[in-house]
Every structure is written in structure tokens, then in C-alpha cells.
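Morning, everyone. Let's take a quick walk through one structure. Please look at the screen.

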Amino acid sequence: VAYRVGPFGFLAHPELSRESGAGSGVYGLQDMIAGLRWVQDNIARFGGDRSKVTIFGHSAGGMAVNMLAASPVTKGLFHRVLCMSGGSFAPLQAAEQGGLGLGIPSLKLAESSGDAFLKKLGAADIKAARALSAEEIQKGIGMGGMRFRPTADGYVIPSDLYSIYQARRFNDTPILVGYTSDELGSFGGQSKITAEQFVKQVR
């Protein structure tokens, strides 16, 4: 399923949250959910079984299926999950952090980041941002595209995934989990670490 990325898929902003009445910053995930609903409505026409849908993702896609598996709005849309090299079990991110920052940001933090991004583009509000071309917005991203990721909007993603799974409020389906070696190598991450270094990183 094609889905929006960067600010087109994951920009949160106070005005967008007020407009939707249910937070903002999860448009890319909502695209995936629309695709899953389409599958439910149409798969039988292709000889498929709507009661046996499997979702699979690797890397950012692994994070996405992990989030879909924890979302209350996806209940019944799939029945098995394959997640390769991508989870998101860090605590809710409430402040800016260095590095890749792969935790799920709180709605307040994501809205603040979105507001700062629009100001950098010279857009005082959402109306002004909507007047910009996609190319102008894309230019404004620069190398900071990783900062746009799904937000704990309170609706699609109620909270950080760790808390959701601890509370057993996820879609309980069979899962297959794997991990590729040197997953972050393409981002300049340390490719070879010792067992001791790994334990230190995890702690």
C-alpha cells in the first residue's frame, strides 16, 4: 500500500488536531488503514479470504505494522503480523532528543515540532502552509526527514506501544518477528558492537 511520508504523512500541528478533533500526525498510517479496509471490502473478488489477512513490514515498515498491531482502529482488519527489523517500544518521547530519535513523540511535542517546521518554511499557519507547493515543502525537509514519524495522536496510536502492550490493549494475532544484522548501518550507525556494548546500549 502506498502511503504518505515525511511532513505529508506525519506532520502534527495544533490546528490540524483541532480540525480533526482526534489529533494529527498519523496520515501515513491512516493511508495504510484505508488500504486494509479496501482489502476487506475487495479481496474476495480476487479469490482471497478476508479472514486471513497478513501484514508484513521491514525496518520503517516493521515499525508501521507494530503500530497497526497496537491500534484500536485496526481491529479485525488483519489476522497475522510479520515484523522484521522494526519495533517501537521506547517510552513516549516528550522532549527533543539527539540521534535518530525513533520513539513515538507525544502529540504536544509533535505539534510543537510541526509548528516550528512551518515557521521555517515561512508559513504562519496551516492555511499558509496549504498554499505552498509540494516542492517547497520537500525542499524545507532537507536531511531532517526522520523527524517526521507517527505521533501518539490519542486515536490511531493512543499512547507509546510499550504501555499499550503492557496493558494488553493490542490486536492479539499470531506474530512472526525477526531482525536483520547491521540494520542501522545505512544511517551511519555502528555496524559491529560487542555483547557488552549491546547490553550497555539497551540499558
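Where is the place of Ser59? Ser59 sits in the loop between β1 (54-58) and α4 (60-70). Helices here are DSSP runs of H or I with at least four residues, strands are runs of E with at least two, and both are numbered from the N terminus.

Two ground rules. This is a predicted model, where local features need pLDDT of at least 70, and side-chain atom pairs count only at pLDDT 80 or more, while totals for chains, interfaces and linings use all residues. Residues are numbered from 1 along each chain as its sequence is written, and side-chain values use heavy atoms, leaving out hydrogens and water.

Back to Ser59. Its phi is positive, about 60°, although Ser59 is not a glycine. Ser59 counts as partly exposed because its relative accessibility is 22%. Buried means under 20% relative accessible area, exposed over 50%, partly exposed in between, with a 1.4 Å probe and protein chains only.

Next, Arg168. It lies in the loop between α8 (161-166) and β3 (175-178). Arg168 is not a glycine either, yet has a positive phi of about 60°. At 67% relative accessibility, Arg168 counts as exposed.

Now the helices. The axes of α3 (residues 27-42) and α4 come within 11 Å and cross at roughly 70°. Axes are lines fitted to C-alpha atoms, for helices over the stretch in contact, and angles run from 0 to 180 degrees between N-to-C directions. So α3 and α4 are roughly perpendicular to each other; angles under 35 degrees count as roughly parallel, over 145 as roughly antiparallel, 65 to 115 as roughly perpendicular and the rest as oblique.
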